[in-house]
Amino acid sequence: ASLRASLVPKLEEKQVFSNQNQPQASYKVAILGAAGGIGQPLGLLIKMSPLVSALHLYDITNVKVVAADLSHCNTPTQVLDFTGPSELANCLKGADVVVIPAGIPRKPGVTFDDLFDINAGIVKTLVEAVADNCPDAFILIISNPLNSTVPIAAEVLKQQGVYNPKKLFGVTTLDVVRANTFVAQKKQLKLIDVDVPVIGGHAGITILPLLSKTRPVVPFRDEEVEELTVRIQNAGTEVVEAKAGAGSATLSMAYAAARFVESSLRALDGDGDVYECTFVQSELTELPFFASRVKLGRKGVEAFISSDLEGLTNFELKALETLKPELKASIEKGVAFVHKTT
Ligand code: NAD
Ligand code: LMR
């Protein structure tokens, strides 16, 4: 059921029952890049979670304003703000989950790779601080290009001797959220029932929705598969173009990230039924990092759902082989960046 339930009913359900003598979990979540387009609505959604006792907001600018505003919501989560590198360590100490949406977004005509020059350094510096202050936390990377920033984070953690591949996640939940929405619309299904695993990476053709594995089982015509796959792969660009220079997806991304944060917290809290697609260190293919469905537990990734990759259609098999060279190059670029700059 956890695969299908949407985030908002889950939050409401928990809020409604939160006064009924249930033991309340109390996790500390830090958002790095908290004053940005994603960071602000993500902060709001996390402030609504009964699983969170402390929400630490970090940014290089404007974060006091965001914390002042959020802190007036009458949910129990305590909100604290931290500005600039001198306050980063205090933001991170004791964090159970660190979410990183810091960095610049795309504009029309800008590729994911164009973001690398600025965002690679931002992610490297922030993950160094995570390694120093809360190396056991679940680390959730949102900053693009995700196919490179997750390998960057892994190399930094390795260099600091604290890399735990089970606890480093690239957040690809937005691809699943979009796939579920578009498939439900196309096939006139009840949204809450639809679940489409999305594998590969998080940029253009590296995003591969496995429509043949859609639940509930639903037949697709070849043209539908092609049309839906391309729409899901280009959905980020759809929003970038709609925003016409004002950035990329923020609200749907905050929704997707909040779902992944909530799943991480339920896993930490001992829920034995938590599954999400995410870009992680993986042995499912010959690539060192790969997005797939995983089971999450207290220690992070507990199992890879390898059955998703069995019995793929010819279309999916071909798309999988086509995405590998691009994904491999992006991963290698991330790894090389860390070795070049140290
Ligand atoms: P934004 O520009 O609105 O916000 C980014 C925030 O990061 C800003 O508040 C900025 O001050 C902050 N920041 C910059 N450098 C920092 C540093 N060194 N330390 C802390 N904070 C710093 O951008 P956004 O729309 O929120 O997007 C953020 C990132 O998320 C982009 O790279 C974007 O491409 C990516 N993104 C990823 C997904 C995904 O599915 N993984 C989806 C949407 C966007
Ligand atoms: C998205 O999928 O919306 C993000 O990765 C942002 C973008 O630039 O596409």
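P145 sits in the loop that runs between β5 (138-141) and α6 (146-159). Helices here are DSSP runs of H or I with at least four residues, strands are runs of E with at least two, and both are numbered from the N terminus. This is a predicted model, in which local features need pLDDT of at least 70, side-chain atom pairs count only at pLDDT 80 or more, and totals for chains, interfaces and linings use all residues. Residues are numbered from 1 along each chain as its sequence is written, while chains are lettered from A and ligands numbered from 1 in the order in which they are written.

Back to P145: the peptide bond that joins N144 to P145 is cis, with omega at about 0°. Another cis bond links R215 and P216, again with omega about 0°, and P216 belongs to the loop between β8 (207-209) and α8 (222-233). As a rule, most peptide bonds are trans, and most residues other than glycine have a negative phi.

On the phi side, N62 has a positive value near 65°. N62 lies in the loop between β2 (52-59) and α3 (63-70). Q188 also has a positive phi, near 50°, and is placed in the loop between α7 (173-187) and β7 (198-200). With 15 other C-beta atoms within 10 Å, N62 is partly exposed, whereas Q188 has 7 and is exposed. The cut-offs are 20 or more such atoms within 10 Å for buried, 12 or fewer for exposed, and partly exposed in between, with C-beta atoms placed from the backbone.

Now for the ligands. A residue counts as near a ligand if its C-beta atom, placed from the backbone, lies within 6 Å of it. Ligand 1 is surrounded by 33 residues, and the closest are G33, G36, G37, A102 and N144. β2 and α5 (116-133) each supply at least two residues of this shell, with α5 giving the most, 3 residues. The shell around ligand 1 splits into 18 nonpolar, 13 polar and 2 charged residues. Here Ala, Val, Leu, Ile, Met, Phe, Trp, Tyr, Cys and Pro are nonpolar, Asp, Glu, Lys and Arg are charged, and the others, Gly among them, are polar.

N144 turns up around ligand 2 as well, in a shell that also includes P105, R106, H202 and S248. Helix α9 (residues 235-243) gives the most to this shell, with 4 residues.
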